[in-house]
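Good morning, and thank you for coming. I would like to take you through one protein model, from its overall make-up to a few individual residues.

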Amino acid sequence: MNTKERSPSPRHQSWRVSTWLSLALLIGAGLASCGPGNRVVTVEDVSNNLQLALLDARPGDIIELPAGTFAFDRGLTLTVDDITLRGAGMDETILDFSGQVSGAEGLLVTASDFTIEDIGIEDTRGDALKVRDGERIIIRRVRTEWTNGPDTDNGAYGIYPVQTRHTLIEDSVAIGASDAGIYVGQSENVIVRGNRASLNVAGIEIENTVGADVLDNVATDNTGGILVFNMPNLPMEGHSTRVFGNQVIGNNTMNFAPPGTAVSSVPPGSGIIINSNDGVEIFDNDIAGNNTGNILVSSYFSVGYSPREATEVFDPYPEGIFIHDNRFGPAGQLPGRPELEALKTALFGANGRLPDILWDGIVNPERTAAQPPVCVREEQAQVLNMDAGNDGANARVAVEEHACQFDALPIIELPHV
């Protein structure tokens, strides 16, 4: 009886392809089983096999990368919950995207219970590390850097969790972002601690976020050191941010943000900036050497944005700002805007300097509270009300007007650390 050799069925072909993909992954990655759903995957040929490992990942996996510099020409993605991505050190395991031709990020994660640690991400075309729509996120000992230094063509954000809950960023480094080195947006319950941000437009930025502790960080050589902003036309408005125990020193890098972006209006020489945000407590920081001012508090209307952009539901006025018990060094001698330079000269002379705390003085006309929106409890620092709503016509140093206090904000606690 004659038989003919049959071609594999489509189903059989699919099984073979799946099998070969799995075998390829196992060959490129050493796989140690630690029980169901709890594997350690060691990726050896990182450039070729890391994306495969991310696609094949199961909840509970620990994906380990060796030391070395690994080149990528396209962005990486992860969509599986409960994954740990671990390298050998932020200066030892380097994901190099200098040849990237596709993808808006270096690594995009849309998952919960994600941990990334001990990895460097360099020279991405867009954002370096973006984590979106996740809960219980840990970013630890991660370095994001554009190695050519400040450049408008650099990616916007280094470390960028957005629309997350219960997020920890610690002991990480962000260098060279054309917007913010460490940026937390539209998130809830966040801790940013022990990080270093330098040579970014904004070193650390908390935007439209509810409940954040920003502590024990070093922000230096940025355009602006630490920013707490609210912007309109976003799903949520932020409030309740504590900024404490930080070193905000010498943030005088010229602004290199693309024109039209929110941070393109940040004057070089800005230490801490509060814009249109409520319930911000700033205390126990070392703030010095910022040529425009150590602390700036402003409404949405005085930072170069069009008032027409504000929606009816957006609150453009900063309120409940409590500044106390900080250590200030000289600042304000070379303001980064012509109008501020003119104000300094008019009030303090050509060789003088602006006070440590600058407030635009724009108050909600419907405000009924007896105390001012900004309270200051500092032994030496003065407050300059710039009267920006009247083009500085009644600009003045105001100390007694701000001799008040708000209740301390609560400590942020994370359920997973």
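The model is a predicted one, in which local features need pLDDT of at least 70 and side-chain atom pairs count only at pLDDT 80 or more, whereas totals for chains, interfaces and linings use all residues. Residues are numbered from 1 along each chain as its sequence is written, and side-chain values use heavy atoms, with hydrogens and water left out.

Let me start with the protein as a whole. It contains 3 helices and 33 strands; helices (H or I, at least four residues) and strands (E, at least two) are DSSP runs, numbered from the N terminus. Of the 417 residues, 56% are buried. Here, buried means under 20% relative accessible area, exposed means over 50%, and partly exposed lies in between, with a 1.4 Å probe and protein chains only. The accessible surface comes to about 17,800 Å², and carbon and sulfur atoms account for 50% of that surface. These areas come from the Shrake-Rupley method with a 1.4 Å probe, and for residues only the protein chains shown count as cover. Turning to contacts, meaning heavy atoms within 4.5 Å, we consider those between residues at least 6 apart in sequence: 62% of them join residues at least 24 apart.

Next, the helices. In α2, residues 46–56, the buried residues are Val46, Asn49, Leu50, Ala53 and Leu54. Seen down the axis of α2, these fall within an arc of 150°, so they line one face of the helix. The arc is that of the directions from the helix axis to the C-beta atoms. Asn48 and Leu55, on the other side of α2, are exposed.

In α3, the buried residues are Leu340, Leu343 and Lys344. They cover an arc of only 100° around the axis, which puts them on the same side of α3. Pro338 and Ala346 are exposed on the other side of that helix. What do the buried residues of α3 pack against? They pack against β32, residues 383–385. Just after α3, Gly349 takes a positive phi of about 85°.

Rolling a probe the size of a water molecule over the atoms shows where empty space is left. On a 1 Å grid over the protein atoms alone, a pocket is an open set of points where a 1.4 Å probe fits, with protein on both sides within 12 Å along at least five of seven lines; lining residues have an atom within 4 Å of a point. The largest pocket has a volume of about 400 Å³, the volume being the space filled by probe spheres set on the points, which are joined across faces, edges and corners.

How many residues line the largest pocket? There are 22, and Ser302, Arg337, Glu339, Leu340 and Met386 lie nearest its centre. At least two lining residues come from each of β24 (270–275), β27 and α3 (338–348). By type, the lining divides into 13 nonpolar, 5 polar and 4 charged residues. Ala, Val, Leu, Ile, Met, Phe, Trp, Tyr, Cys and Pro count as nonpolar, Asp, Glu, Lys and Arg as charged, and the others, Gly among them, as polar.

I now come to single positions. Ser299 lies in the loop between β27 (293–298) and β28 (319–324). Is Ser299 buried or exposed? It is buried, with a relative accessible area of 0%. Leaving aside neighbours within four places in sequence, Ser299 is in contact with several residues, including Asn275, Tyr317 and Asp360.

Gly185, in strand β15 (residues 180–185), is likewise buried, at a relative accessible area of 0%. Not counting residues up to four places away in sequence, Gly185 touches Pro161, Val162, Gln163, Glu207 and Thr209. Gly185 and Arg132 are 53 residues apart in sequence and 9.7 Å apart in space, C-alpha to C-alpha.

Asn189, although not a glycine, has a positive phi of about 60°; Asn189 is found in strand β16 (residues 188–193) and is buried, with a relative accessible area of 17%. Ser240, also a residue other than glycine, has a positive phi near 65°. Ser240 lies in strand β22 (residues 239–244) and is partly exposed, with a relative accessible area of 23%.
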